[in-house]
Amino acid sequence: MKRHLALAAVTALASAFAATAGDVVGTITLKGTPPKEKDITPLKEDPNCGKLHTAMPTTKFYVVGAKGELADVVVSLEGISGKSTGASAKPVVMDQKNCIYVPQILAVQTGQKLVVKNSDPVLHNVHSVPTVAGNPEDNKAQMPGGADLTFSFPKAEEFIKFKCDVHPWMFAWVSVFDHPYFAVSGADGTFKIANVPPGKYTLKANHRKAGVVTQEIEVKDGAPTTVALSLDAK
Ligand SMILES: [Cu+2]
């Protein structure tokens with residue numbers, strides 16, 4: 001009897017202290033008509049890269065579904081810092097395929113590895129151009145079939161530019177957070193930020209072309225929080 005009481009007390013204490021994290025899930029919609037994507041003529045005309053494309057490749061500034069579902073939006077919680085799980089987090093992978101970065105919009109934690117692959121029969125170089133002090137500019141050549149490259153950044157910074165100095169049309173943008181509470185919206189416009197501790201937060205959605213929108217949210221104990229955000233085409 002005594003033992004059962006003790007167990008009950010321990011269980012009550014544990015639930016009082018360990019509030020259950022909840023997921024923040026949502027959908028992002030683009031309002032309005034985005035500008036027409038541009039042909040990447042230099043890629044099509046390049047002697048090595050051009051033959052990897054049957055059709056004219058275009059920019060992918062706005063990746064939008066039939067109902068306005070907007071991909072490539074970096075969604076994050078604001079006002080959280082020092083929570084990065086760093087190098088122990090699973091690496092994020094970016095590939096170079098047909099002389100284009102895939103994906104073109106990525107997000108990592110501070111210290112987390114960004115692994116860059118080269119799936120092309122073409123030499124690339126991968127040149128990171130951060131603007132926040134402490135984040136290293138790096139420039140590494142990568143042969144066809146060459147070993148993967150690894151990048152990581154110690155400071156939070158949104159949309160670090162990655163470029164290839166061999167192919168001036170190649171760009172990717174990597175956002176760095178010093179916490180794990182972020183996501184990039186998929187082709188269906190949805191995102192999920194997992195295991196958020198209960199509390200009130202500002203949710204920020206940042207798109208390279210459409211800009212920023214924020215929303216106040218509250219994550220309740222163990223329950224998913226559902227958000228619908230929209231950005232205006234610019
Ligand atoms: Cu290249």
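Which cysteine does a disulfide join to Cys49? The close-ups below, taken from a predicted model, start with that pair and then move on to the copper ion.

**View 1. The disulfide of Cys49 and Cys99.** Here is the partner: Cys99 is joined to Cys49, with an S to S distance of 2.0 Å. If you go looking for others, a search of the whole structure finds one disulfide. Its torsion about the S-S bond is about -70 degrees, so this disulfide is left-handed.

**View 2. Where the two cysteines sit in the chain.** Cys49 belongs to the loop between α2 (41-45) and β2 (74-77), while Cys99 belongs to the loop between β3 (92-97) and β4 (100-102), so the pair ties together parts that are 50 residues apart in sequence. Both Cys49 and Cys99 are buried.

View 3. Four side chains supply the donor atoms: His124 and His167 through ND1, Cys164 through SG and Met170 through SD. These atoms lie 2.0 to 2.7 Å from the copper ion. Along the chain, the donors follow the spacing H-x39-C-x2-H-x2-M.

**View 4. Angles at the copper ion.** What are the angles among the four donor atoms? They run from 93 to 137 degrees, and the site is irregular. For comparison, the ideal angle for four tetrahedral donors is 109.5 degrees.

Technical notes
Residues numbered from 1 in each chain as written. Predicted model: local features only at pLDDT ≥ 70, side-chain atom pairs only at ≥ 80, totals over all residues. Heavy atoms only, no water. Donors = N, O, S within 2.8 Å, 3.2 Å for Na, K, Ca; no water. Tetrahedral: all angles 85-135°; square planar, octahedral: opposite > 155°, others 65-115°. Disulfide = S-S within 2.5 Å. Helix = DSSP H or I, 4+ residues; strand = E, 2+ residues; numbered from the N terminus. Buried < 20%, exposed > 50% of the residue type's maximum accessible area, 1.4 Å probe, protein only.
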